[in-house]
Every structure is written in structure tokens, then in C-alpha cells.
Amino acid sequence: MVAVQSSNRWGDIYDVLTEDGFDVYEPAQHQGECTKRYVVVALDACSRISNYSSVSQRYDIMLYIPRGQYSQLEDFVAAVKQSMKKLEPMIIPMHSQTPPYYDDGVKGHMVSIQYRNSRKL
């Protein structure tokens with residue numbers, strides 16, 4: 001387990017992934033074509049948990065890999081998932097992963113995985 005360093009969960013995700021050697025960006029921060037693998041961390045939806053005084057915040061972890069490196073995509077996804085285990089049980093996987101998508105705008109393949117964090121209102 002990793003020591004919490006930031007004042008927010010997005011920052012915790014960013015810190016863990018960068019400490020493990022991944023290039024991590026905010027949404028819309030990366031510019032140009034995908035020339036090496038990278039990760040984008042985005043806040044997703046926030047919803048109340050039943051009648052409790054808690055909410056569930058979702059995070060979308062988008063993994064990009066350059067065109068021509070499709071065979072490395074599975075290993076990249078597995079490595080990010082392994083890194084994210086350091087944040088459990090604070091941030092847990094939702095076991096939701098999109099199929100690989102080729103993004104012509106960045107000339108790279110993208111897979112998205114989701115995590116969540118529950119917190120008091």
C-alpha cells in the first residue's frame with residue numbers, strides 16, 4: 001500500500017502512476033500524435049450511494065499506445081492495473097474496461113478502465 005500524498009484522489013492516482021514510471025496527463029493536456037505510451041486520468045461521474053451520506057466518485061483511466069504497437073496493449077493495461085492496486089482499498093477497480101479503440105486523431109490505440117472511490121458528503 002502506498003502512503004497518501006495528495007489532498008485529493010485524482011492526485012493520488014497521478015502520484016502512484018508517475019512514481020511507477022508512467023507518463024500521466026490530465027484530459028486535453030497531451031498534444032499531438034501518440035509516439036509513446038501514456039495515461040490520461042479523468043474524473044468521471046459522481047453519484048450518491050442509496051440513502052447513505054456517501055457518494056461514489058468514478059475515475060476514467062485512459063491508456064494510449066502508438067499505432068504499430070497493438071501487441072503491447074495487453075501488457076500495458078496489466079501494468080497500469082498492477083500499479084493501481086497500491087491504492088486499494090481507497091480506490092478500487094470497477095472491473096469495467098472498454099475494447100481497444102483506434103483514435104485516428106492521435107494515431108494510437110486507446111483502452112479505458114474505471115475505478116471508484118467512496119467518500120462522505
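The structure is a predicted model, in which local features need pLDDT of at least 70 and side-chain atom pairs count only at pLDDT 80 or more, while totals for chains, interfaces and linings use all residues. Residues are numbered from 1 along each chain as its sequence is written, and side-chain values use heavy atoms, with hydrogens and water left out.

Turning to the fold, the protein chain contains two helices and six strands, taken as DSSP runs numbered from the N terminus (helices H or I, at least four residues; strands E, at least two). Their order along the sequence is α-β-β-β-α-β-β-β. Of the 121 residues, 36% count as buried, where buried means under 20% relative accessible area, exposed over 50%, and partly exposed in between (1.4 Å probe, protein chains only). Contacts are heavy atoms within 4.5 Å; among those between residues at least 6 apart in sequence, 57% join residues at least 24 apart.

Salt bridges come next, each defined as a side-chain nitrogen of Lys or Arg within 4 Å of a carboxyl oxygen of Asp or Glu. A search of the whole structure finds four of them. In one, the closest N and O atoms of Lys86 and Asp20 are 2.7 Å apart. This pair links distant parts of the chain, 66 residues apart: Lys86 sits in the loop between α2 and β4, and Asp20 in the loop between α1 (9-19) and β1 (24-25). Lys86 is partly exposed at 32% relative accessibility, and Asp20 is partly exposed at 31%.

Asp23 is also found in the loop between α1 and β1, and Lys36 in the loop between β1 and β2 (38-48), so their pairing ties together parts that are 13 residues apart in sequence. Their closest N and O atoms are 3.0 Å apart, and Asp23 is partly exposed, with a relative accessible area of 29%. A further salt bridge joins Lys107 to Asp104, at 3.2 Å between the closest N and O atoms. Lys107 has a relative accessible area of 22%, and Asp104 one of 49%.
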